[in-house]
Amino acid sequence: MAEHELICGIEIHQQLDTKKLFCSCSTDLVDDAGRDVHRRLRPTQSELGEVDRAALAQAERKMRFRYLAPSKVSCLVEVDEEPPHDADDDAIDITLTLAALLEAKVADEVHFMRKIVIDGSNTTGFQRTALVATDGVLTLEGKRIGIQSICLEEDAARKMESKGQEITYKLDRLGIPLIEVATGPDMHSPEEVKEVAARLGSLLRATKKVKRGLGTIREDLNISIPGGARVEIKGVQELRMLPEYVQREVDRQKGLLTIRGMLQGRGLVPLKVKVVDLSPVLRGCKSKVVAGALAKDGGAVLGVPLPGFEGVMRSADGKLRLGAEMAQRAKMRAGVMGIFHSDELPGYGISEEDVQAMTGQMGIGNGTAFAICADEARKARPALEAAVERANLALDGVPEETRDPQPDGSSSYSRPLPGASRMYPETDVKPIIVTEERMQAIKLHLPQLPEQTERKFVMRYGIHEQQARQIVREGYEDLFEEVASTYGMAAVAARTLLNTLPEIQKEGADISRLDDAALMSAFRALHEGAFAKEALPAVLKSMAGGRSVEDATKELGLVRMGSSEAEAVVAAIVREREAFVREKGMAAVGPLMGPVMERLRGKVDGKMASELLKKEISKMLQG
Amino acid sequence: MSYSQRVGALLRQAGAEEGDYVKVVLDRSREYAGVLMPHHEFSDPDIIVLKLKSGYNIGLRMNEGARLEVLSKAVRKERPHRPANKSDERRRVGVLGTGGTIASYVDYRTGAVHPALSAEDLISAVPEMAELCQVEAKVVFSIFSENMMVEHWQRLAAEIADRLDSGDEGVIVPHGTDTMGYTAAALSFMLDDLPAPVVLVGAQRSSDRPSSDAYTNLISAARFCTSADAAEVFVLMHESISDTTAAVHRGTRVRKMHTSRRDAFQSVNEGPVARMDLDGKVEMLSPCRKRSSSKVKLRPAMEERVCLVQFYPGMSSSAFGALLRAHKGAVIAGTGLGHVSHELVHVIKDVVKEGIPVVMTSQCLNGRVNLNVYDTGRDLLSAGVIPGEDMLPETAMVKLMWALANSSDPEGTKDLMATNLRGEMSDRREA
């Protein structure tokens with residue numbers, strides 16, 4: 001079998017629109033903060049005294065946590081002051097439904113586990129999660145994508161801010177049921193990743209019981225290339241960005257493999273950390289970062305020689321970027337702003353003379369690689385240690401790790417991959433027996449599949465097949481159906497959702513603010529005649545700026561125009577051009593449409609304007 | 001529930017035991033491999049639980065025709081030896097285990113939670129302890145706190161006396177929270193002339209969890225033992241639901257007031273004795289007995305046949321009378337200022353005449369009983385009821401057990417009950 005250039009599996013996390021998984025709180029995200037609770041977490045010891053790799057990385061940062069516990073959306077269960085209640089039955093049914101849709105093999109008994117997570121995002125220090133089904137299949141244009149597992153778990157708390165040693169989380173999101181679907185490593189191109197994610201998304205939405213909107217569905221990507229290593233990019237929220245993250249990760253791993261080849265070619269062995277205080281030779285340095293650090297109490301500029309790492313921290317073509325990896329580790333470990341390395345110096349206000357002074361101070365030849373960190377010495381030292389550790393890892397190629405997606409399509413180091421076995425039974429939650437009767441009832445009431453919905457849209461509302469597919473794929477099926485069935489505006493709805501929204505986005509509108517409720521309010525207003533359909537793009541654009549449909553119509557001067565008002569406008573225009581009308585007769589309608597529409601655009605539609613014009617002209621001709 | 005006969009036989013035939021790595025074939029399309037887990041009490045009798053390679057447990061129904069095969073037997077891993085930290089210049093603190101898991105290890109392979117029992121285990125799980133003191137750990141017994149009996153209090157009191165007499169700076173007693181208040185009261189009366197503090201400590205979240213309050217409570221208890229000038233029996237638990245401070249309560253005044261919160265333990269009718277900042281600061285809030293070089297005066301005798309009865313409207317007088325007569329003494333948690341129905345007053349009158357002391361406390365918990373205000377109260381006094389002042393009903397019951405065993409006649413018992421011995425009652429309550 002030919003080796004694939006890319007191996008990718010995804011995990012998709014979808015919030016369910018039910019009550020919380022282990023209590024009766026509602027699952028809305030709220031603005032109010034509620035009461036404060038302060039906590040710490042400590043890594044638990046396992047039987048053999050092994051503490052999990054990822055747990056250790058967190059403990060290294062010795063974080064304290066502050067939780068905001070708003071009422072109605074959090075209770076004693078979320079603050080870990082009361083044991084969990086029985087798992088929500090609706091959430092289990094939805095998970096079983098998805099398992100049936102994916103032809104997965106369902107557990108006879110579902111057991112909730114405690115998965116250790118001590119970054120504070122769970123007040124307990126673990127996430128409750130249960131394996132519901134395994135070994136399913138997703139068919140996509142004839143290709144079978146394996147579904148490894150379908151789990152039901154609780155969502156984590158929302159991170160609000162991180163200040164010094166304290167992270168603040170809000171508890172409204174904690175405990176919202178999440179379905180996690182993990183595919184096999186069966187995808188081999190960035191576009192395919194997107195297609196699979198879209199298909200899983202539409203199957204989830206087909207249950208009609210999932211949450212909608214940004215942040216309610218999140219994807220983790222597991223990516224590796226031949227010779228590389230498994231890297232997990234965690235928590236991508238925008239489907240359209242998936243191919244970009246995949247491609248960039250492939251490029252990053254390729255770069256790291258090139259670096260490994262270069263370093264091995266240079267016969268490098270792992271470096272020892274040799275920190276040198278460079279402060280004495282940088283007193284006159286013009287760099288703001290350097291001067292700022294030296295002005296601090298306990299501030300210093302520390303450096304480490306990195307002989308052999310020349311040209312790989314940042315290559316001239318920008319393809320090799322080990323320096324960025326080193327800086328991310330330094331930031332994570334020590335909370336510094338970053339590091340400078342010799343591939344980017346002179347620069348950032350650090351002159352050639354400064355560089356020479358530093359290499360002199362470190363006792364290395366001009367041209368030998370090094371890195372520096374300017375901050376309090378107690379932070380700069382561990383930062384450089386972390387940077388050297390990362391540099392040494394480059395000798396082995398690509399390290400396995402978890403990375404955070406960045407809005408520009410890149411990703412940054414967050415922590416090592418968690419070890420495999422960090423789960424133990426959640427003894428506070430009873431196991432759930434999945435009876436044959438329950439599974440049969442689920443199979444009898446399976447929801448309409450996306451392709452069935454597409455066919456229905458074509459048959460019932462007369463839209464094009466391509467439009468129907470796209471509506472379902474983009475997740476507009478519920479909205480479309482409501483607009484089409486309630487207001488009879490299928491064509492307008494399809495055009496608006498599929499063409500207008502992307503257009504106004506291109507023009508800079510933030511269409512993520514136009515959720516289903518907002519779009520529905522615009523269609524309702526249109527239906528009630530608050531404005532004409534030509535004005536809809538402008539209205540939506542204004543609403544994307546945060547206005548209600550009422551405010552948007554007002555702002556655009558689209559006050560609703562009754563026919564008598566419009567009549568008056570048309571009559572005035574006809575009177576102003578009386579000579580012309582009398583000369584042309586009914587043939588004046590065409591030429592006068594221009595001036596009429598100029599006054600009435602968006603307030604009445606073209607058809608009505610033309611009718612009014614005909615009426616006024618014939619009135620004048622008869623009168 | 002345990003396994004059904006059939007599944008039990010299947011496992012025996014395969015020679016499968018918990019912890020073994022097994023293969024299960026349910027039918028042509030379903031096959032699993034994983035570690036055989038213990039059967040859950042609430043699991044279906046035909047279901048076995050496997051821990052899969054992913055770490056997840058899954059319940060599988062062993063229908064007729066299902067097969068199971070042991071792939072490899074469980075490997076019992078040796079626990080690494082944890083060297084005890086021997087540096088004798090530090091202060092010595094005794095840790096006397098009673099059951100419950102104040103510190104524990106999780107075996108993620110099998111999901112089992114093992115308690116840290118030895119001093120070495122404890123120090124390894126809570127290394128901060130070693131920075132504060134030299135720990136002398138011993139497990140006195142290992143039971144759920146709801147199964148605690150007078151005999152356990154007595155053994156514990158004797159062990160504590162031994163430790164303090166051999167020079168410990170204090171003794172920490174990790175204890176299940178359900179009956180920790182009762183034990184604290186019992187130890188308070190049994191241990192006289194304490195030279196150093198005895199601190200009962202518990203956890204409302206079990207110690208296998210990263211969010212457990214066990215560790216902060218335990219470390220604070222060690223800090224209190226080595227730094228506070230106090231020599232009574234105390235209970236130390238979280239002061240609020242945040243991990244910021246712990247409160248030190250007098251053993252005779254403390255009550256579990258919530259089923260699950262970290263700050264479940266509250267002092268009633270007085271404030272806590274001290275506040276422990278979890279970062280290390282000790283703040284004494286009210287006066288208490290100071291440390292001394294005295295030897296412990298151990299007085300462990302108790303009359304076990306004492307009952308605690310909560311009065312309720314419509315309570316049957318015959319059942320009430322029968323219950324009281326089955327005991328050597330009774331404490332009643334009456335309504336309001338300390339009342340029971342007219343009918344019951346008559347029963348009490350007879351019972352007292354028969355030589356059974358009856359102590360009145362209030363189910364209000366907060367405030368003092370006062371039998372002078374209403375007719376019923378005055379009738380109760382005439383009937384010979386002993387007012388329990390502002391004692392907690394549970395403390396009054398434990399005290400009556402002790403007073404009956406440590407006095408020679410009813411008058412003596414009555415005197416002991418009316419005297420403040422361990423801070424269990426007071427004349428004034430702050431406004």
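How many of the six residues of strand β13 (residues 233-238) of chain B are buried? Six of its six residues are buried, which leaves the strand mostly covered; a residue is buried if 20 or more other C-beta atoms lie within 10 Å of its own, exposed if 12 or fewer, and partly exposed in between, with C-beta atoms placed from the backbone. This is a predicted model, in which local features need pLDDT of at least 70 and side-chain atom pairs count only at pLDDT 80 or more, while totals for chains, interfaces and linings use all residues. Residues are numbered from 1 along each chain as its sequence is written, and chains are lettered from A and ligands numbered from 1 in the order in which they are written.

**Confidence**

- The mean pLDDT of chain A is 90, and 95% of the residues score at least 70; pLDDT is the predictor's confidence in each residue, from 0 to 100.
- Within chain A, helix α1 (residues 53-60) has the lowest confidence, at a mean of 62, and strand β11 (residues 177-183) the highest, at 98.
- Helices (H or I, at least four residues) and strands (E, at least two) are DSSP runs, numbered from the N terminus.
- Where pLDDT is low, the predicted coordinates should not be read in detail.

**Chain A: overall build**

- Chain A contains 20 helices and 21 strands, and its C-alpha trace spans about 105 × 70 × 60 Å along the principal axes.
- Of the 623 residues in chain A, 44% are buried.
- Among contacts in chain A with a separation of 6 or more, 72% are between residues 24 or more positions apart; two residues are in contact if their C-beta atoms, placed from the backbone, lie within 7 Å.
- Chain A is assigned domain 1 (10-230), domain 2 (276-398), domain 3 (450-555) and domain 4 (563-622), with bounds that come from an automatic or database domain assignment.
- The centres of domain 1 and domain 3 of chain A, taken over C-alpha atoms, are 31 Å apart; the contact takes nine residues from domain 1 of chain A and eight residues from domain 3 of chain A.

**Chain A: a four-stranded sheet**

- Four strands of chain A form an open sheet in the order β2-β3-β10-β9, with mixed pairing; two strands pair if DSSP finds at least two bridges between them.
- At the edges stand β2 (35-40) and β9 (158-163) of chain A, each of which pairs on one side only.
- From one strand to the next the twist averages 25 degrees, where axes are lines fitted to C-alpha atoms, for helices over the stretch in contact, and angles run from 0 to 180 degrees between N-to-C directions.
- Strands β9(A) and β10 (residues 166-170) of chain A run antiparallel and are joined by five bridges; A:Arg158 has A:Lys170 in β10(A) as its bridge partner.

**Nonpolar cores**

- The largest nonpolar core comprises 124 residues, and those with the most contacts inside it are A:Val132, A:Ile150, A:Ala330 and A:Ile372.
- Apart from it lies another core, of 101 residues, which includes B:Ala184, B:Leu236, B:Val306 and B:Val358.
- Such a core is a set of buried Ala, Val, Leu, Ile, Met, Phe, Trp, Tyr and Cys residues joined through C-beta atoms within 7 Å.
- Leaving aside neighbours within four places in sequence, the contacts of A:Ile150 include A:Thr95, A:Leu98, A:Val132, A:Gly136, A:Ile179 and A:Val181.

**Chain B: overall build**

- The secondary structure of chain B consists of 11 helices and 23 strands, and its C-alpha atoms fill a box of roughly 80 × 60 × 40 Å along the principal axes.
- Of the 431 residues of chain B, 49% are buried.
- Residues 24 or more positions apart supply 69% of the contacts in chain B with a separation of 6 or more.
- Chain B is divided into domain 1 (5-72), domain 2 (92-298) and domain 3 (306-418); between the centres of domain 1 and domain 3 of chain B, taken over C-alpha atoms, there are 57 Å.
- Strand β12 (residues 198-201) of chain B runs parallel to β13(B), with four bridges between them, and B:Val199 stands opposite B:Phe234 in β13(B).

**B:Leu52**

- B:Leu52 is in the loop between β3 and β4 of chain B.
- B:Leu52 counts as partly exposed because 16 other C-beta atoms lie within 10 Å.
- Apart from neighbours within four places in sequence, B:Leu52 is in contact with B:Tyr32, B:Gly34 and B:Ile58.
- The C-alpha atoms of B:Leu52 and B:Asn370, 318 residues apart along the chain, lie 64 Å from each other.

**Interface between the chains**

- At the interface, 41 residues of chain B are in contact with 43 residues of chain A.
- On the chain B side, the elements that give two or more residues are β3 (47-51), β4 (57-61), β7 (104-107) and α2 (119-125).
- The most is given by β4(B), with five residues.
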